[in-house]
Amino acid sequence: MVVDFVIHGKPFAKQRPKFTKTGHAYTPDSTVIYENLVRTCFSQKYPEHVPLTCPVRMTIRAYYPIAESWPKKKKAAALIGWLKPAKPDWDNVGKIVSDALNQIAYADDAQIWDCHVMKVYDTVPRVEVQIEWEDET
């Protein structure tokens, strides 16, 4: 079985925790906001979805915007795939999506046994997420 959904807007990577002067760790606001966006996008498309308890496979395609300031040749190279986004790290892109979907798409992201994260350029920034699993029945 498969579910898929789109997170519109520029992809975002999970940030490191921040620390107060007393050493208390907290999640940066921008990470919390993006994780809430991921949850909302999934829940709007699959309002009746019950979190999976089986192993899952995930594919994440992050489409980054092309800078307006780039020369035409660089823009063309990005559009045809010759140029790939270097930053942010691919694992932080996958981490923010997989963490956000805990208790929403699946019980725990530890159930993900295979994950592919791709970063490319496109004229429409977005993140496409696909989750696959064997039927639990």
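**Helix packing, salt bridges and a nonpolar patch**

Tryptophan 82 is exposed, its relative accessible area being 72%. In this predicted model, tryptophan 82 lies in the loop that runs between α2 (72-79) and α3 (90-100). Together with Leu79 and Ile80, Trp82 makes a nonpolar surface patch of about 410 Å².

The crossing in which α1 passes α3 is right-handed.

Charged side chains form a further theme. Side chains of opposite charge can pair when their charged atoms come close. The structure holds 9 salt bridges. A network of salt bridges links Lys14, Glu35, Arg39, Lys95 and Asp99.

Another salt bridge joins the side chains of lysine 45 and aspartate 4, at 3.2 Å from N to O. This pair connects distant parts of the chain, since lysine 45 belongs to helix α1 and aspartate 4 to strand β1 (residues 2-8), 41 residues apart. Lysine 45 is partly exposed at 46% relative accessible area, and aspartate 4 is partly exposed at 35%.

Glutamate 128 and arginine 126 also meet in a salt bridge, 3.0 Å from N to O. Is arginine 126 buried or exposed? Residues under 20% relative accessible area count as buried; arginine 126, with 15%, is therefore buried, whereas glutamate 128 is partly exposed at 24%.

Definitions and conventions: Residues numbered from 1 in each chain as written. Predicted model: local features only at pLDDT ≥ 70, side-chain atom pairs only at ≥ 80, totals over all residues. Heavy atoms only, no water. Patch = residues over 30% accessible without salt bridge, like charges linked within 9 Å, V, L, I, M, F, W, Y side chains within 5 Å. Areas by Shrake-Rupley, 256 points an atom, 1.4 Å probe, with all protein chains shown as cover. Salt bridge = Lys/Arg side-chain N within 4 Å of Asp/Glu carboxyl O. Helix = DSSP H or I, 4+ residues; strand = E, 2+ residues; numbered from the N terminus. Buried < 20%, exposed > 50% of the residue type's maximum accessible area, 1.4 Å probe, protein only. Left-handed = near helix turned anticlockwise from the far one by under 90°.
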